[in-house]
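Subject: Structure for you to look at

Hello,

Here is the structure I said I would pass on. Please open it first, then read the notes below it.

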Amino acid sequence: MRPLLIALLTLLALPVAADELKIATWNIAWLTTKPAGHPDLPRSVRPRSNEEFARLRAYADRLAADVVALQEVDGPLAAARVFDATRYDFHFPAETDTQRAGFAWRRGLNVVRNPDLMALDLAPNARFSLRRGADITVRDGDAPPIRLLSVHLDGGCAWDPIRQPNSRDCQNLGRQAEILRDWIAARRAEGVAFAILGDFNRRMERNDEFIAVLSEAAPLTRATQGFSNPCTASGGGARPFIDHILLGGAARDWLVRDSFRVLVYAERDAAIRDRISDHCPVSVRVDPR
């Protein structure tokens, strides 16, 4: 074999650079170990079978992310049915909601659990609250840290003005935007790289009012900008994203070019796809330097 060809094949076989982090967000849609009929679950929610958990774990293995922001997950026990607990650790806010935002991360990373962003939950005493934000700081070896916030915001205001007077959901989303703006301002003052990941329940166009509020605190890079969502859940077809990854501070410069990915489910049967989740995992790679 020619030396040049040998060299090229060697380069192709190299793994992703060791100092890169693959970060992802995944709403796994009522992921719980509670049985059917449990009072914390709506009557329409049917817990997943062992086969369905196995499908989810196979996709988690394919995702192979270093850090995953999770939504609609009922804590570490449910997360461990999808992510191998011998390889991943977990963090969820100190609340009792079944639909929690949280994190799974590869063991070996240095992770600090920061206080929950409690203010995001505008209805903490409701049966189904508006969910706290989960906040962690991640460092891989000697690389600079990145602070990550997993969120699941109020639904029902995907594109309307966030100060729509006739919509409680839009007013709630506007209040949550201001809370996130303040969190971003604190990260800018701290001088740390950061990202907000999760289910924003918002289609963010280039001049979207919601993203404009957040950008008052600091410039942001939205990883989903310019892409259509190919996720085949709930009938499929390209559509705007509501799951986003927003990068701020030094993390904007750390974004690895062309690393944005959507892990699309292979199942063609809509009923089976929806039992996996009505959201697909979204990921990027960052190179802290």
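Helices (H or I, at least four residues) and strands (E, at least two) are DSSP runs, numbered from the N terminus. By that count, Asp-258 sits in the loop between helix 6 (251-254) and strand 11 (261-262).

Two sentences on the source. This is a predicted model, in which local features need pLDDT of at least 70 and side-chain atom pairs count only at pLDDT 80 or more, while totals for chains, interfaces and linings use all residues. Residues are numbered from 1 along each chain as its sequence is written, and side-chain values use heavy atoms, with hydrogens and water left out.

Backbone angles

Asp-258 is not a glycine, yet its phi is positive, near 60 degrees. Asp-258 counts as exposed because its relative accessible area is 61%; the cut-offs are under 20% for buried, over 50% for exposed, and partly exposed in between (1.4 Å probe, protein chains only). Ala-29 also has a positive phi, of about 55 degrees, without being a glycine. Ala-29 belongs to strand 1 and is buried, with a relative accessible area of 13%.

The nonpolar core

Which residues have the most contacts inside the largest nonpolar core? They are Leu-180, Ile-184, Ile-196, Phe-200 and Phe-210, in a core of 28 residues. Such a core is a set of buried Ala, Val, Leu, Ile, Met, Phe, Trp, Tyr and Cys residues joined through side-chain atoms within 4.5 Å. At least two core residues come from each of strand 7 (146-152), helix 4 (168-190), strand 8 (193-199) and helix 5 (209-215). Helix 4 gives the most, with seven residues. In soluble globular proteins, nonpolar side chains tend to be buried together.

Contact means heavy atoms within 4.5 Å. Leaving out residues up to four places away in sequence, Ile-184 touches Phe-194, Ile-196, Leu-214, Ala-217, Ala-218 and Leu-220. Ile-179 is in helix 4 and counts as buried, at 17% relative accessibility. With the exclusion of residues up to four places away in sequence, Ile-179 touches Leu-117, Ala-119, Leu-120 and Leu-122. Ile-179 and Arg-106 are 73 residues apart in sequence, and their C-alpha atoms are 29 Å apart in space.

Aromatic pairs

How many aromatic pairs does the structure hold? There are eight. Rings of Phe, Tyr and Trp (its six-membered ring) pair if their centres lie within 6.5 Å; planes under 30 degrees apart count as stacked, over 60 as edge-to-face and the rest as tilted. Trp-30 and Phe-128 make an edge-to-face pair, 5.9 Å centre to centre with 85 degrees between the planes. This pair links distant parts of the chain, 98 residues apart: Trp-30 is in strand 1 (residues 21-31), and Phe-128 is in the loop between strand 5 (110-113) and strand 6 (134-139). Phe-128 is partly exposed, at 39% relative accessibility.

Phe-83 and Tyr-88 form another edge-to-face pair, at 5.3 Å centre to centre and 65 degrees between the planes. Both Phe-83 and Tyr-88 are buried. Ring pairs join Trp-26, Phe-83 and Tyr-88 into a cluster.

Pockets

Rolling a probe the size of a water molecule over the atoms shows where empty space is left. On a 1 Å grid over the protein atoms alone, a pocket is an open set of points where a 1.4 Å probe fits, with protein on both sides within 12 Å along at least five of seven lines; lining residues have an atom within 4 Å of a point. Grid points are joined across faces, edges and corners, and a volume is the space filled by probe spheres set on the points.

The largest pocket has a volume of about 270 Å³. Its lining has 18 residues, and Asp-97, Ala-126, Arg-127, Phe-128 and Ser-129 lie nearest its centre. The lining divides into six nonpolar, five polar and seven charged residues. Here Ala, Val, Leu, Ile, Met, Phe, Trp, Tyr, Cys and Pro count as nonpolar, Asp, Glu, Lys and Arg as charged, and the others, Gly among them, as polar.

The second largest pocket holds about 180 Å³ of space. Among the residues that line the second largest pocket are Trp-159, Arg-203, Cys-231 and His-279.

Regards
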